[in-house]
Amino acid sequence: MAIRKIVTQGDPLLNKKCRPVTDFNRRLHVLLDDMRDTLTEAQGAGLAAPQVGILRRAVVIDGGEDDILELVNPEILEQSGEQTGPEGCLSVPGKWGLVSRPNFVRVRAQDRYGEWFEVEGDELMARCFCHEIEHLDGHLYVEHIDHFLSDEELEAYLAGEEN
Ligand code: ZN
């Protein structure tokens with residue numbers, strides 16, 4: 001297992017459409033293991049393969065309580081509601097912007113052995129699913145914002161959420 005370098009905004013790899021994973025082999029397992037380590041090290045909410053320079057449809061998401069979800073070839077089956085909140089990205093370090101997302105999504109994906117499963121999430125989890133899956137089509141959250149939040153705006157937003 002290893003920490004991989006996270007590519008940042010401006011690198012053309014982040015704007016490419018990723019190809020489906022077709023081989024559920026050792027190479028994929030090493031990639032997923034490395035992505036888990038890289039996500040944990042960076043203390044992020046999620047990480048998509050193109051962020052470590054691999055143009056394949058795979059993401060890892062922090063599921064809370066030391067649980068990391070692996071989604072291979074994920075697709076959104078269903079979504080509902082809306083939420084708006086601050087969003088950041090490991091490929092856009094130190095910046096935040098307000099993004100509206102569905103408040104609930106249901107996702108279908110394969111595990112590292114190729115077995116299909118479904119997972120659903122709301123609020124932060126739903127936001128994370130949408131953000132990571134978007135990476136696989138070469139899109140970044142910054143496409144949805146009109147400006148990056150200033151420190152004051154971010155603080156005000158986070159303080160408001162606690163009330
Ligand atoms: Zn991201």
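Colleague: How do the residues of the lining of the largest pocket divide by class?
Modeller: In this predicted model, the lining comprises 12 nonpolar, 8 polar and 5 charged residues. Nonpolar here means Ala, Val, Leu, Ile, Met, Phe, Trp, Tyr, Cys and Pro, charged means Asp, Glu, Lys and Arg, and the others, Gly among them, are polar.

Colleague: What volume does the largest pocket have, and which residues are closest to its centre?
Modeller: The volume of the largest pocket is about 520 Å³. Among its 25 lining residues, Gly-44, Ala-45, Gly-46, Gly-88 and Trp-96 are the closest to the centre. A pocket is an open set of 1 Å grid points where a 1.4 Å probe fits, with protein on both sides within 12 Å along at least five of seven lines, and lining residues have an atom within 4 Å of a point. The volume is the space filled by probe spheres on points joined across faces, edges and corners.

Colleague: Which element gives the largest share of that lining?
Modeller: Helix α2 does, with 6 residues. At least two residues each come from β2 (58-62), β4, β5 (92-101) and α2. These elements are DSSP runs, with at least four residues for helices (H or I) and at least two for strands (E).

Colleague: And the second largest pocket, how is its lining divided by class?
Modeller: That lining has 4 nonpolar, 2 polar and 5 charged residues. Arg-4, Arg-19, Asp-23, Arg-27 and Arg-56 are among the lining residues, as are Val-21, Leu-28, Leu-31 and Ile-54. The space in this second pocket is about 310 Å³.

Colleague: Turning to the zinc ion, which are its protein donors?
Modeller: They are Cys-89 through SG and both His-131 and His-135 through NE2, at 2.0 to 2.3 Å from the zinc ion. Donors are N, O and S atoms within 2.8 Å of the metal (3.2 Å for Na, K and Ca), and sites may look incomplete since water is not among the atoms.

Colleague: What spacing do the donors follow along the chain?
Modeller: The spacing is C-x41-H-x3-H. Cys-89 belongs to strand β4 (residues 83-89) and His-135 to helix α2 (residues 123-135), so this pair ties together parts 46 residues apart in sequence.

Colleague: Are Cys-89 and His-135 buried or exposed?
Modeller: Both are buried, where buried is under 20% relative accessible area, exposed is over 50% and partly exposed is in between (1.4 Å probe, protein chains only).

Colleague: How many residues has the largest nonpolar core?
Modeller: It has 16, and Val-59, Ile-61, Leu-71, Val-105, Val-107, Val-119 and Phe-129 have the most contacts inside it. Two or more residues come from each of β2, β3 (68-80), β6 (104-110) and α2. The largest share, 5 residues, is from α2. Such a core joins buried Ala, Val, Leu, Ile, Met, Phe, Trp, Tyr and Cys residues through side-chain atoms within 4.5 Å.

Colleague: What does Val-119 contact?
Modeller: Beyond neighbours within four places in sequence, Val-119 is in contact (heavy atoms within 4.5 Å) with Leu-69, Leu-71, Val-105, Arg-106, Val-107 and Phe-129. A second, separate core of 14 residues includes Ile-6, Leu-47, Ala-49 and Val-72.

Colleague: Where does Gln-43 lie?
Modeller: Gln-43 is in the loop between α1 (26-42) and β1 (46-48). Its phi is near 55°, positive in a residue other than glycine, and Gln-43 is exposed, with a relative accessible area of 73%.

Colleague: Which numbering and thresholds apply?
Modeller: Residues are numbered from 1 along each chain as its sequence is written. Local features need pLDDT of at least 70 and side-chain atom pairs 80 or more, while totals for chains, interfaces and linings use all residues, and side-chain values use heavy atoms, without hydrogens and water.
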